[in-house]
Amino acid sequence: MSGTGRFTKDVMTAAMHQVAGDLRVRADDARLLRFTNNAVFALPSAGVVIRIARSHRLHQRVHKVIELGRWFEQIDAPTIRLAPEIVQPVQVGELLASIWQYIPSASPEPTVDDLGRTLRKFHSLSGPPLSLPSWDPVGDARSRITDAEGLSDHDRRFLLDWCDRLDRPVAALQQHVGSQLIHGDAHVGNLLRKRAGGAVLCDFDATSLGPWQVDLAAVAVGEVRFGRRGAHDALAAAYGYDVTADSNWSLLRDARELKMIAAAVPLLHSSTGVREEFTARLRSVRHGDRDARWTPFAEVAPSQIANVAS
C-alpha cells in the first residue's frame with residue numbers, strides 16, 4: 001500500500017495475476033487500462049477485464065456494480081456485461097475484484113453522438129430493483145478532500161467551503177427535479193463500441209439516482225474547459241436536449257467542476273504534473289475565470305493517472 005491507503009501498481013498487478021490464476025485464464029497479454037480508484041486490466045486472450053478496487057473503502061462499490069451488472073444483463077441495457085459463470089465478487093487477499101467481458105477495439109471510435117443516443121436508452125430504463133445511493137457530488141468531494149495528503153490547509157479550506165456552498169442547492173435540485181437512474185460520469189471515455197456496431201457504457205462506480213441532466217454536464221463542461229469545440233452541440237442533438245439552456249445549468253456546471261478538481265486530490269503527493277494542473281484549475285475558480293482553459297490530468301501525468309474525471 002501507499003501512504004494514501006491505496007495499493008500500488010505492483011501490488012495490483014500481482015493481484016490481477018492471482019485472480020487470473022484462480023480463474024484459470026491466460027494473463028500473458030494482460031495490459032493495464034486504468035489506474036485510478038480501480039486497477040483495470042484487459043486480458044484479451046481470456047476475453048475478460050479484471051477490475052480491482054484499490055482501497056478497502058471501495059468494497060461496497062464493487063458489490064454495487066456487480067448487482068447492477070446482473071440487472072443490466074436481465075433487461076438488455078446498453079452496457080458492458082459481467083463475465084459469465086464466475087461467482088462474483090472475486091476476493092484476492094484483502095482485495096475485491098469484478099470480472100467483465102472484454103470488448104475488443106472496433107472502428108470507428110465512439111463519439112459524442114453515440115454517447116447521446118446511448119444515454120437516452122440508459123435514461124429510459126426503469127428504476128433498478130436494488131438500493132442505489134443518491135447523486136452526491138458534495139459528499140464525494142469531501143471524502144477526497146478531508147484527509148488528503150499533499151493538500152495545503154489553505155486549499156483544503158477553500159475546497160471545503162465550496163462544498164458547503166453547494167450543499168443546499170444540490171439538495172434542492174434533487175428535490176425539485178427528482179431522481180432516476182444516472183450513469184454519474186458520462187463521457188466518451190466511458191463508452192465502448194461493440195464489433196456489431198452498437199455502443200455501450202462502462203464504469204458504474206458513480207452510477208446512482210439523481211437528476212438526469214447530470215449525465216449531460218460532463219461534455220458541456222469539457223467543451224468550455226478543454227476547448228472541445230462542437231462536442232456539446234453534437235451531444236445535445238443526439239440526445240435531444242441542450243443542458244446549457246437548463247435553468248439549473250450553473251449549478252450542474254459547478255458540481256461537475258468540483259468533481260473535476262477534487263478527483264485529483266489523492267494524487268497531489270505523487271505527481272508534479274497533476275499538482276501543477278490542480279493549482280491552475282483552483283486558481284481559475286478562485287478568480288471566477290469561467291473561460292480559463294484546463295488540461296486533462298491524463299495528459300499531464302499519463303503514467304500516474306488515466307481518465308480521472310478529466
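The model is predicted, with local features requiring pLDDT of at least 70 and side-chain atom pairs counting only at pLDDT 80 or more, while totals for chains, interfaces and linings use all residues. Residues are numbered from 1 along each chain as its sequence is written, and side-chain values use heavy atoms, with hydrogens and water left out.

Leu95 lies in strand E5 (residues 95-101); strands (E, at least two residues) and helices (H or I, at least four) are DSSP runs numbered from the N terminus. Neighbours within four places in sequence aside, Leu95 is in contact (heavy atoms within 4.5 Å) with Phe7, Met12, Ala15, Ile52, Ala53, His59 and Val90.

The structure holds seven aromatic pairs, a pair being rings of Phe, Tyr or Trp (its six-membered ring) with centres within 6.5 Å, stacked if the planes are under 30 degrees apart, edge-to-face if over 60 and tilted otherwise. The rings of Trp212 and Tyr239 are stacked, because their centres are 6.0 Å apart and their planes at 15°. Trp212 is partly exposed at 22% relative accessibility, whereas Tyr239 is buried at 6%. Trp71, Phe72, Trp100, Phe122 and Phe204 form one aromatic cluster.

Two charged ends sit over the ring of Phe35 (NZ of Lys or CZ of Arg within 6 Å of the ring centre and within 35 degrees of the ring normal).

| Charged residue | Ring | Distance from ring centre |
|---|---|---|
| Lys9 | Phe35 | 5.5 Å |
| Arg54 | Phe35 | 3.9 Å |

Methods:
Buried means under 20% relative accessible area, exposed over 50%, partly exposed in between (1.4 Å probe, protein chains only).
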